[in-house]
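Subject: Structure handover

Hello,

Here is the structure for you to take over. My notes on it follow below.

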Amino acid sequence: MTDEQLVRRMQQGDMQAFDELYERYKNDAYRIACLITGNRADGEDLTQEAFVTCVRSIGTLKDGAKFRPWLLRTLSRAAWKYCRKAKRETPVSEFFETGEGESALSAVLRTDEQRRLYEAMYALDEKRRTVLVLYYFDNRPVKEIARTLGVTEGTVKSRLFSARRHLRQALTEKEGKPEEAVTHG
């Protein structure tokens with residue numbers, strides 16, 4: 001069944017249709033919430049909150065085919081609100097686990113590199129971080145991100161450019177390399 005059909009069924013009171021939409025999008029929503037907030041427990045709470053909000057206001061969704069962008073917009077706004085309210089250090093260490101059979105040295109190097117990236121990412125404001133997450137971690141095109149967040153494509157591109165510049169600067173400062181030594185591209 002398509003999202004449009006499931007939404008129509010939900011609007012008619014069929015909660016089994018909600019279960020199907022939840023199963024379809026829960027993992028994506030959870031991953032995005034975790035990446036925006038930097039915390040798995042908060043990501044889980046925000047994912048549930050976003051789905052509850054969508055259930056309560058499903059009657060306002062006019063085009064059921066746009067359920068996913070609508071859900072992610074709801075989730076992003078809740079995550080932004082949470083991040084502004086929390087204003088706390090992000091425990092990025094919980095995202096790093098050593099794989100079986102991996103040498104201790106390669107695990108440390110990989111983890112250190114990832115940690116620097118995540119720390120730089122979480123230093124971004126919520127809006128630039130969300131665009132970065134949707135573009136790089138969720139592999140969404142600029143047009144879809146714009147539609148999801150309710151902004152123009154130019155705004156998405158501007159936020160991506162600014163986020164990349166921030167990450168490049170943060171990572172080169174931590175490595176002790178001058179900004180000019182970084183290959184742009």
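Is Tyr136 buried, partly exposed or exposed? With a relative accessible area of 41%, Tyr136 is partly exposed, because the partly exposed class runs between the limits of 20% for buried and 50% for exposed. Please keep in mind throughout that this is a predicted model.

Overall make-up

The protein has 8 helices and 0 strands. Read from the N terminus, its elements follow the order α-α-α-α-α-α-α-α. The protein has 185 residues, and 42% of them are buried.

Aromatic pairs

The count of aromatic pairs is 8. One of them joins Phe18 and Phe51, whose ring centres are 6.1 Å apart. The planes of these two rings stand at 80°, so the pair is edge-to-face. Phe18 belongs to helix α2 (residues 15-37) and Phe51 to helix α3 (residues 40-56), so this pair ties together parts 33 residues apart in sequence. Both Phe18 and Phe51 are buried.

Tyr136 has a ring partner as well: Tyr135 and Tyr136 form an edge-to-face aromatic pair. Their centres are 4.8 Å apart, with 85° between the planes. Tyr135 is partly exposed, at a relative accessible area of 29%, and Tyr136 is partly exposed at 41%.

There is also an aromatic cluster, formed by Phe18, Tyr22 and Phe51.

Salt bridges

The whole structure holds 12 salt bridges. In one of them the side chains of Arg68 and Glu144 meet, at 3.4 Å from N to O. This pair links distant parts of the chain, with Arg68 in helix α4 and Glu144 in helix α7 (residues 142-149), 76 residues apart. Arg68 is buried, as is Glu144.

Glu144 also meets Arg140 in a salt bridge, at 3.6 Å from N to O.

Arg68, Arg140 and Glu144 are among the members of a network of salt bridges. Asp28, Arg31 and Asp138 are linked in this network too.

Another salt bridge is formed by the side chains of Asp125 and Arg128, at 2.6 Å from N to O. Asp125 counts as partly exposed, with 31% relative accessibility.

Surface charge

Which residues form the positive surface patch? They are Arg77, Lys81, Arg84, Lys85 and Lys127. Helix α4 (residues 67-86) supplies the largest share of this patch, 4 residues. Lys127 is placed in helix α6 (residues 126-137).

Where to look

If you open the model, the Phe18 and Phe51 pair between helix α2 and helix α3 is one place to begin.

Regards

Note on methods. Residues are numbered from 1 along each chain as its sequence is written. This is a predicted model: local features need pLDDT of at least 70, side-chain atom pairs count only at pLDDT 80 or more; totals for chains, interfaces and linings use all residues. Side-chain values use heavy atoms; hydrogens and water are left out. Patches are made of residues with over 30% relative accessible area and no salt bridge: like charges are joined within 9 Å, nonpolar side chains (Val, Leu, Ile, Met, Phe, Trp, Tyr) within 5 Å. Accessible areas come from the Shrake-Rupley method with a 1.4 Å probe; for residues, only the protein chains shown count as cover. A salt bridge is a side-chain nitrogen of Lys or Arg within 4 Å of a carboxyl oxygen of Asp or Glu. Lys and Arg count as positive and Asp and Glu as negative; His and the chain ends are not counted. The place of a charge is taken as NZ of Lys, CZ of Arg, CG of Asp or CD of Glu. Helices (H or I, at least four residues) and strands (E, at least two) are DSSP runs, numbered from the N terminus. Rings of Phe, Tyr and Trp (its six-membered ring) pair if their centres lie within 6.5 Å; planes under 30 degrees apart count as stacked, over 60 as edge-to-face and the rest as tilted. Buried means under 20% relative accessible area, exposed over 50%, partly exposed in between (1.4 Å probe, protein chains only).
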